[in-house]
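Dear colleague,

I am passing on the structure we spoke about, and you will find the sequence and the coordinates just below. My notes on what turned up in it follow after that, and I would be glad if you read them with the model open beside you.

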Amino acid sequence: MKQYFLFLYESPGAFDTISPEEMQKIVARYIAWRGDVAAKGHMLGGNKLRDGEGRVMRAADGKVSVTDGPFAENKEVIAGYFHIQAESYDQAVDIARTCPHMDFGVIEIREMEITH
Amino acid sequence: MHPIAHEPAAEAGLLVDHLFRHQHAPILGALVRMLGSAHLGLAEECVQDAFLRALQTWPFHGIPPNPAAWLTLVAKRRALDQLRRAVVSGSGEPSSPPAQPPTLGDDTLELIFLCCHPALPIDSQLALTLRSVAGLSTSEIARAYLLPEVTIAQRIVRAKKLISESNLSFDVPFDAHLAPRLHSVCRVLYLMFNEGYSASSGDRLLREELCHEAIRLVALLTLNPATGRPAVHALAALFCLQSARLPARVDDAGDLLTLASQDRALWDSRLTAAGFHHLAHAAAGNELTPWHLEAEIASLHSLAPTFDSTDWPRIADAYEALSALQPSPVVTLAHAVALSYAATPEAALALLAPLADEPALARYHLYPAILADLYARRGDTVAARTQLERALALAPTTPERNLLVRRLASLL
């Protein structure tokens with residue numbers, strides 16, 4: 001089995017105005033998806049990344065600059081990630097396709113390079 | 001790396017229906033008690049933040065063992081942060097209110113009383129109660145009432161501003177002042193229920209949700225010793241008995257069914273039973289409110305196994321009493337319908353004669369619709385058709401127009 005990371009991108013504030021009922025329905029969909037992926041033996045883990053903070057580091061002329069980010073602009077940021085195992089990119093795509101996040105943002109799939 | 005085999009919480013499917021929405025009021029009430037009612041807006045932000053954190057973290061980490069406690073804890077922490085920040089910045093706002101003993105002993109009830117404070121315009125009371133107590137979003141409220149979202153938002157903002165400026169207390173007076181406050185709460189719940197129940201327009205599922213929410217809130221009132229008075233039980237009885245009929249009101253095609261053509265087997269027996277339970281408690285004491293009479297009328301419909309076996313004389317009597325207590329052309333209309341079955345269509349027409357020039361009924365489609373029915377039953381098809389055409393021109397929604405069209409066709 002190969003290992004993949006699903007990076008979930010979303011626009012900050014995307015959920016700010018929805019009602020508690022709608023929030024609960026969305027949570028329930030994610031939990032159901034996660035449970036389903038876990039039940040099939042594909043789920044290795046996942047984490048939420050903290051919103052509204054972060055650091056972006058850049059080096060220029062031998063000097064490292066550290067700025068707050070990447071939330072400065074209203075662009076999509078990584079909200080969290082799932083770590084899964086699958087036979088192939090095709091299977092990883094099939095797993096991610098059913099993720100409710102597809103209704104709210106972008107999912108980027110990357111295979112983990114494993115050196116033995 | 002081992003795959004995650006199972007998720008205890010997720011496996012049990014443990015997200016109780018409406019958990020988030022129903023937790024909104026108790027958490028918000030607790031925060032308003034901490035922050036003071038002038039900071040209702042801030043308290044709401046803290047609750048919303050807690051829900052947002054749940055939305056964003058639970059998908060990755062799973063549902064915590066006690067979701068309601070988790071939400072409360074996160075919201076309270078957030079409120080404490082705000083308090084601490086205010087103290088550090090020396091702004092003094094929000095200030096921690098002086099500790100006072102709770103009067104009703106229930107933050108949710110205190111929150112309802114604050115939202116239904118008679119110092120607020122009635123429109124704002126209703127909008128704020130739906131937003132803060134029922135946990136509906138402004139867009140959901142707007143959809144239920146077919147009003148622009150901005151209108152609802154303005155009503156809520158105005159209400160919060162008034163609460164803050166007038167320094168309305170979160171604590172409910174636990175004395176002679178309780179009665180008028182309780183009446184104000186009941187009036188808002190009655191409006192909430194009626195908006196949900198009257199099939200005039202809007203999103204049907206959301207409107208039924210308004211009914212269920214009104215029932216949930218009035219049930220909370222009946223359970224508290226201070227607020228569980230006979231009139232409140234009468235209101236609860238009315239809500240339960242009326243909404244028991246909701247499942248039978250539309251057919252599979254979405255067309256409206258009149259009381260006469262509803263399949264009574266579809267009436268919700270659980271709600272009917274709850275209605276009769278409240279009706280029994282409503283009879284304690286000797287206070288007679290319009291809600292008592294309306295509940296009695298609803299109960300007489302519930303008791304009839306078929307439309308033909310309805311106890312129309314008692315219903316007509318109840319409407320007559322209601323007319324005396326709270327005269328209105330709409331009550332007279334309903335009285336006339338009951339009288340047409342208890343006595344004759346002619347008697348009903350005689351009762352309605354003085355209403356011919358009533359301005360309140362000039363644009364009310366049920367008035368000509370009822371006249372049409374009375375004319376048809378005495379064999380005057382021509383007059384019936386004229387009234388149905390009038391009703392058709394006034395009916396606000398497609399299901400209501402369809403019903404009239406069907407009746408018009410049956411008169412050919």
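Two elements from two chains, β1 (2–10) of chain A and α3 (40–61) of chain B, each supply at least two residues of the lining of the largest cavity. Please keep in mind throughout that this is a predicted model. Of the elements around the largest cavity, α3(B) gives the most to the lining, namely 4 residues. The complete lining consists of Leu8(A), Glu10(A), Phe15(A), Tyr30(A), Ala79(A) and His101(A) from chain A, together with Leu55(B), Gln56(B), Pro59(B) and Phe60(B) from chain B. Sorted by class, the lining of this cavity comprises 7 nonpolar, 2 polar and 1 charged residues. The volume of the largest cavity is about 80 Å³, and the count of cavities of 30 Å³ or more comes to 1.

There is also open space to look at, and here the second largest pocket, with a volume of about 740 Å³, deserves a separate note. It is lined by 25 residues, of which Asp51(A), Asp49(B), Leu52(B), Arg53(B) and Gln56(B) are the closest to its centre. By class, the lining of the second largest pocket holds 9 nonpolar, 5 polar and 11 charged residues.Turning to the fold of chain A, its secondary structure comes to 2 helices and 6 strands, which follow the pattern β-α-β-β-β-β-α-β when read along the sequence. The C-alpha atoms of chain A fill a box of roughly 50 × 50 × 20 Å, taken along the principal axes.

Within chain A, 4 strands form an open sheet in the order β2-β5-β1-β6, with antiparallel pairing. Its edge strands are β2 (43–48) and β6 (106–111) of chain A, each of which pairs on one side only. On average, and with direction ignored, neighbouring strands of this sheet are turned by 20 degrees against each other. Strand β1(A), which also contributes to the lining of the largest cavity, is joined to β6(A) by 6 bridges, the two strands running antiparallel. As one example of this pairing, Tyr4(A) has Glu111(A) in β6(A) as its bridge partner.

Which helices pack on this sheet? Helix α1 (residues 20–39) of chain A does, touching β1, β2 and β5 (77–86) of chain A, and its direction makes about 150 degrees with that of β2(A). From the other chain, α3(B) packs on the sheet as well, touching β1, β2 and β5 of chain A, with its direction at about 160 degrees to that of β2(A). As for the pairing between β1(A) and β5(A), these strands are antiparallel over 9 bridges, and Gln3(A) has Gln85(A) in β5(A) as its bridge partner.

Finally, a search of the whole structure finds 16 aromatic pairs over all chains. One of the ring pairs is that of Trp58(B) and Trp70(B), whose centres lie 5.1 Å apart and whose planes stand at 70 degrees, so the pair is edge-to-face. Trp58(B) lies in helix α3 of chain B and Trp70(B) in helix α4 (residues 67–89) of chain B, so the pair ties together parts that are 12 residues apart in sequence.

With best wishes

How values were computed
Residues numbered from 1 in each chain as written. Chains lettered and ligands numbered in written order. Predicted model: local features only at pLDDT ≥ 70, side-chain atom pairs only at ≥ 80, totals over all residues. Heavy atoms only, no water. 1 Å grid on protein atoms, 1.4 Å probe; cavity = no way out; pocket = protein on both sides within 12 Å on 5 of 7 lines; lining within 4 Å. Points joined across faces, edges and corners; volume = space filled by probe spheres on them. Nonpolar A, V, L, I, M, F, W, Y, C, P; charged D, E, K, R; others polar. Pairing = 2+ DSSP bridges. Axes fitted to C-alpha atoms, helices over the stretch in contact; angles between N-to-C directions. Contact = heavy atoms within 4.5 Å. Phe/Tyr/Trp six-rings, centres within 6.5 Å; stacked < 30°, edge-to-face > 60°.
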